[in-house]
Amino acid sequence: MNKSIENIKNSVSKKIISLSSHGGDIRRVFMLGQELKMQNPDLNLIDLSLGNPDVEHPKEVDQALISLLGGNSTAKENPSHRYMDAAGLPEVRNYIASQLSISEGVSVVQDSVYLTVGAAGGLQILLRSFLDEGDEAIIFSPFFPEYVPYILNFDAVPVICPCDAQHKPNVEAFAKLITNKTKLVLLNSPNNPSGVVYPRDHLEKIFAVLNEKFKSTGQVIHVVSDEPYSRVIYKNEIFPNILPLYPFSWVVRSYSKDLCLAGERIGYIAWSESLLKQLPFIPNTFRNASRILGFVCAPRLMQSLIPHIYHERVDVDIYENRVSEFVDYLTKNGFNVVKPQAGFFVFPQSPIQDDRLFCDRLVSHGVLCVPGSGFGSPGYFRASLTQDISLIEEAARRIVDCARAA
Ligand code: PLP
């Protein structure tokens with residue numbers, strides 16, 4: 001009896017168990033908060049753990065959806081909900097291509113746009129399409145924790161390159177990490193968790209290293225640029241477009257953060273027309289990856305929505321004000337914090353080296369933050385400012401109190 005219970009338990013794949021051990025900090029902290037609130041519903045806990053955007057999505061999204069569903073007299077017919085080309089609706093791909101050709105500084109065509117199930121779905125398709133067993137994929141710390149299990153899932157090897165104290169890529173360290181197994185570089189700017197936009201000159205230096213490798217050995221190293229925060233950029237900040245800077249680059253975007261549609265799972269991969277000419281079969285490779293991964297296609301209704309809301313944004317000033325208040329308060333009180341340029345995350349240095357211990361102590365001061373170790377950067381912690389400003393101010397006070405008590 002006991003043996004069979006054990007056998008049933010052991011029937012779960014060893015690989016998923018080992019992958020699950022990576023990047024678990026965010027969920028662990030969030031679940032801890034849920035548990036504490038269940039035990040004591042009056043507990044005044046401020047949860048800065050999950051990056052779940054809280055500001056209103058633009059009302060134009062709902063209006064466009066109602067219109068698409070025939071809810072007003074101008075709609076000609078109800079939309080189809082059937083299967084379609086896995087790459088997405090041609091008119092939507094074409095629309096995105098025409099907009100990107102204006103905004104990115106390179107020509108993008110219908111066949112170099114592929115609609116995906118959020119940015120995460122786009123990353124899966126790209127990693128499946130480029131990685132073989134033993135291939136190396138370079139990521140920069142701090143990194144989005146899911147990158148590690150994503151890469152390991154395809155039997156490839158995550159290679160971690162550190163950033164400097166400003167959370168910008170250390171280009172010298174990067175150059176030393178390139179080997180004949182390097183297959184791709186996964187960039188994330190604006191960055192989760194630091195909110196930093198990687199400067200153009202750092203990117204150019206990274207691309208110079210890759211170009212030189214290609215020139216001297218013929219080794220193609222793809223750059224996958226994961227950009228779900230590229231349109232949650234603060235005023236006066238500039239986000240460098242990757243496509244014109246490096247020939248083997250792939251941009252991944254989504255509407256999860258800039259339109260607050262994370263639950264609707266819509267995004268895309270885009271690349272240049274000139275890269276498409278060198279890899280004309282790639283849309284079919286992506287179709288096969290989608291099929292094998294089981295996505296089939298991105299949600300059809302959400303695809304249809306894109307041309308109607310492409311230029312809409314959530315009110316990014318709300319995030320910028322929260323971040324600015326939070327960073328100013330912490331900095332005034334002795335914390336070392338790099339000011340973010342986009343998004344709603346802040347990644348301060350922990351006042352004690354043991355970031356996990358500090359986050360545990362924060363719980364007893366009524367704040368949930370995620371240790372930097374989970375992002376590959378011990379000695380820091382992440383605060384997701386997806387709460388009302390009054391709670392964020394209170395959280396900042398509690399964090400400072402906790403540091404003083406430490
Ligand atoms: N990449 C980064 C850096 C993220 O922070 C997230 C979500 O938090 C994703 C990808 C996944 O985005 P999406 O919800 O569009 O799949």
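Predicted model: local features only at pLDDT ≥ 70, side-chain atom pairs only at ≥ 80, totals over all residues.
The buried residues themselves are V92, R93, I96, A97, Q99 and L100. An α-helix has 3.6 residues a turn, so residues three or four places apart point the same way.

Next, display the whole of α5, residues 90–103. Its 14 residues should span 20 Å at 1.5 Å a residue, and the C-alpha atoms at its ends are 20 Å apart, which agrees. After the helix comes G105, whose phi is positive, near 85°.

**Two helices against α12**

Two packed helices are described by the angle between their axes and the distance between the axes. The axes of α5 and α12 cross at roughly 35° and come within 9 Å, and the crossing is left-handed. Select V92, Y95 and I96 in α5, which meet Q303, S304, I306 and P307 in α12. The residues of this contact divide into five nonpolar, two polar and no charged.

Now bring in helix α4, residues 59–68. Helix α4 packs with α12 at an angle of about 120°, the axes being 10 Å apart. That angle makes α4 oblique to α12. Here the crossing is right-handed. On the α4 side, select E60, V61, A64, L65 and L68; they meet L301, M302, S304, L305, H308 and I309 of α12. The residues of the contact of α4 with α12 comprise eight nonpolar, two polar and one charged.

Move to T182, in strand β5 (residues 182–188). T182 counts as buried, because its relative accessibility is 2%, under the 20% limit. Leaving out residues up to four places away in sequence, T182 touches E136, I138, L177, Q219, V220 and I221. Select D135 as well: T182 and D135 are 47 residues apart along the chain, yet their C-alpha atoms are separated by 6.1 Å.

Continue to the loop between β5 and α9 (200–217), where P190 is found. The peptide bond from S189 to P190 is cis, with omega near -10°. Another cis peptide bond runs from S141 to P142, with omega near 5°. P142 lies in the loop between β3 (136–141) and α7 (147–153).

**Two residues with positive phi**

Select H167 in the loop between β4 (157–162) and α8 (171–177). H167 is not a glycine, although its phi is positive, about 65°. With a relative accessible area of 3%, H167 is buried. Then select C260, in the loop between β7 and β8. Phi of C260 is near 60°, again a positive value in a residue other than glycine. C260 counts as buried at 15% relative accessibility.

**The last stop: helix α15**

Finish at helix α15, residues 389–405. This helix has 17 residues and reaches 24 Å from its first C-alpha to its last, close to the 24 Å expected at 1.5 Å a residue. Its buried residues include I392, A395, A396, R398, I399, V400 and C402. Among the elements that cover them are β1 (46–47), α13 (316–332), α14 (355–364), β10 (367–368) and β12 (381–384).

Within α15, select A403. Beyond its neighbours within four places in sequence, A403 is in contact with F335, P351 and F358.

How values were computed: Residues numbered from 1 in each chain as written. Heavy atoms only, no water. Helix = DSSP H or I, 4+ residues; strand = E, 2+ residues; numbered from the N terminus. Expected span 1.5 Å × (residues − 1). Buried < 20%, exposed > 50% of the residue type's maximum accessible area, 1.4 Å probe, protein only. Axes fitted to C-alpha atoms, helices over the stretch in contact; angles between N-to-C directions. Parallel < 35°, antiparallel > 145°, perpendicular 65-115°, else oblique. Left-handed = near helix turned anticlockwise from the far one by under 90°. Contact = heavy atoms within 4.5 Å. Nonpolar A, V, L, I, M, F, W, Y, C, P; charged D, E, K, R; others polar.
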